Each structure stands twice: as structure tokens, then as C-alpha cells.
Amino acid sequence: MSSEKIIIAIDGFSSSGKSTMARRLANTIGYRYIDSGAMYRAVTLYAMRHGMIGAGGSVDSAALIAALPDIHIDFKVEGDGQVTMLNGEPVEKEIRSLEVSSHVSPVAAIPEVRHALVKMQREMGESKGIVMDGRDIGTVVFPAAEMKVFCNAAPERRAQRRFKELSEKGAEVSYEEILANVNERDLIDMTRKESPLRQADDAVLLDNSEMSLDEQNDWLMNLYDSITGAKA
């Protein structure tokens, strides 16, 4: 197997398990994991805290764009996982709330926000050896990534996973509310003008609707081995 490090891009729909599988793969092969979705969630949390999102969900784009130079996002390793840092503050729990989920797609659709975060993401991947998941990693951020995966699962299955995750954290949410959020985010992500969600031409499709975490991990490792082995 080649010792040359590569960039692994895992894209897909919301709640399709991208982050879980990307984190596990990174841990297995000793790469750095970068959750690009957490970065957009952190920006959304910043906007919410600073009154940039109205009661009806409208975003004060001008104010948020002006504030971008003051928004600094990084990741801190903690045990086997990592914590998203917003201007030096750990915000991992806050950014996973349904309230942030309901506002993140409109924020992520703002071109200036995407440009700022893509710049940060590319800087994180300059030395390669990373696994990054998101919606435009293989198409926009790292179009030359050596390994690209596109994840999908039925909306109902994704909503079930999200409901289980939030319920285990003590959040009072309904399955119907989460399913509506999943469908709304899918629509926004696929139809936005700036970097819409789509499968890269050279990405391998993974439908994990009926797969266990171990099966997903085995699938990813087999793909990784086939790519890096071919480079040996």
C-alpha cells in the first residue's frame, strides 16, 4: 500500500451518516477528520446569537457577510472525537440543535459564506491526509480529491436516525418535525445557485439505507484500500 496521503471527500444529503462514517474512517487510517457541515452550523449559530436571523427565518445577509472576518472556526480533538470551536468557544452541543438545523441551509446558500468557508477548508487540506464531509467537497472544495463518495438514504430513514440521535441527547422533538426539516433541507441544498448538492462525476455512490455502521466502515475501507493500493 502506498504511504502517500490523499484527500477523501464524502458528500451527501443531510443526516445520511456522512459525519459518522467519515470520522470512523479517519480514525481507522490515521487521517484528520474535518466536518464541513459543523462549520456552516457554527456560522449559523453566530448569526442566531447576533440577531441576524428573523422570526420568519429570513437572514440578514449583509450583516452576516460584514461579520465573516470576525468568525473563526476550528476543531479541537477531545478523546476519540472532536469539538467544533467558534471563536475559541466549544459549541458542539449548540450547533446540533434542531433550531440550528432549521436555519443552516439558508445561511449556507449565501455565496460569501460559502467562499469564506471553502477558503478555510482548502487551507485545512493543504497537507492532505484528511477526510472531509459535506455537500460540495468533491465538486467545489477539492475537485481533485483522490477518493470521492456520495451518500444517500431514504428521507424517512435519515429522519429516523436524526430523531434517535436528538432523542438520546434529551431533545424534545417529533419525528414528523424532523422529516419535514430533512425534506426542506434537501430541496434548498439541491436548488441553491451557489454550489448545489450533486454527485461528482467521479464519486462512488453509497446508499446506506439498510447498512449498519460496521458495514459502512468495511465498504469505505475496501474502497480506500483499492485506491491507495492502486497507487502503490
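This is a predicted model: local features need pLDDT of at least 70, side-chain atom pairs count only at pLDDT 80 or more; totals for chains, interfaces and linings use all residues.

Colleague: Let us begin with the open sheet of three strands. What is the strand order there?

Modeller: The order is S3-S4-S5, and the pairing is antiparallel. Strand S3 (73-78) and strand S5 (89-90) are the edge strands, each pairing on one side only.

Colleague: How many bridges join S3 to S4?

Modeller: There are six bridges between S3 and strand S4, which covers residues 81-86, and the two run antiparallel.

Colleague: And which residue in S4 does phenylalanine 75 stand opposite?

Modeller: Phenylalanine 75 faces threonine 84 in that strand.

Colleague: Which helix packs on this sheet, and which strands does it touch?

Modeller: Helix H2, residues 36-49, packs on the sheet and touches S3, S4 and S5. The direction of H2 makes about 35 degrees with that of S4.

Colleague: Turning to strand S7, why is it described as largely enclosed by the rest of the structure?

Modeller: Strand S7 spans residues 147-152, and five of its six residues are buried, so the strand is largely enclosed. Buried here means under 20% relative accessible area.

Colleague: How many bridges join S7 to S1, and how many join S7 to S8?

Modeller: Strand S1 (residues 7-12) is joined to S7 by five bridges, while four bridges join S7 to strand S8 (residues 204-207). S1 and S7 run parallel, and S7 and S8 also run parallel.

Colleague: Which residues stand opposite each other in those pairings?

Modeller: Alanine 9 stands opposite lysine 148 in S7. For phenylalanine 150, the bridge partner in S8 is leucine 205.

Definitions and conventions
Residues are numbered from 1 along each chain as its sequence is written. Side-chain values use heavy atoms; hydrogens and water are left out. Two strands pair if DSSP finds at least two bridges between them. Contact means heavy atoms within 4.5 Å. Axes are lines fitted to C-alpha atoms, for helices over the stretch in contact, and angles run from 0 to 180 degrees between N-to-C directions. Buried means under 20% relative accessible area, exposed over 50%, partly exposed in between (1.4 Å probe, protein chains only).
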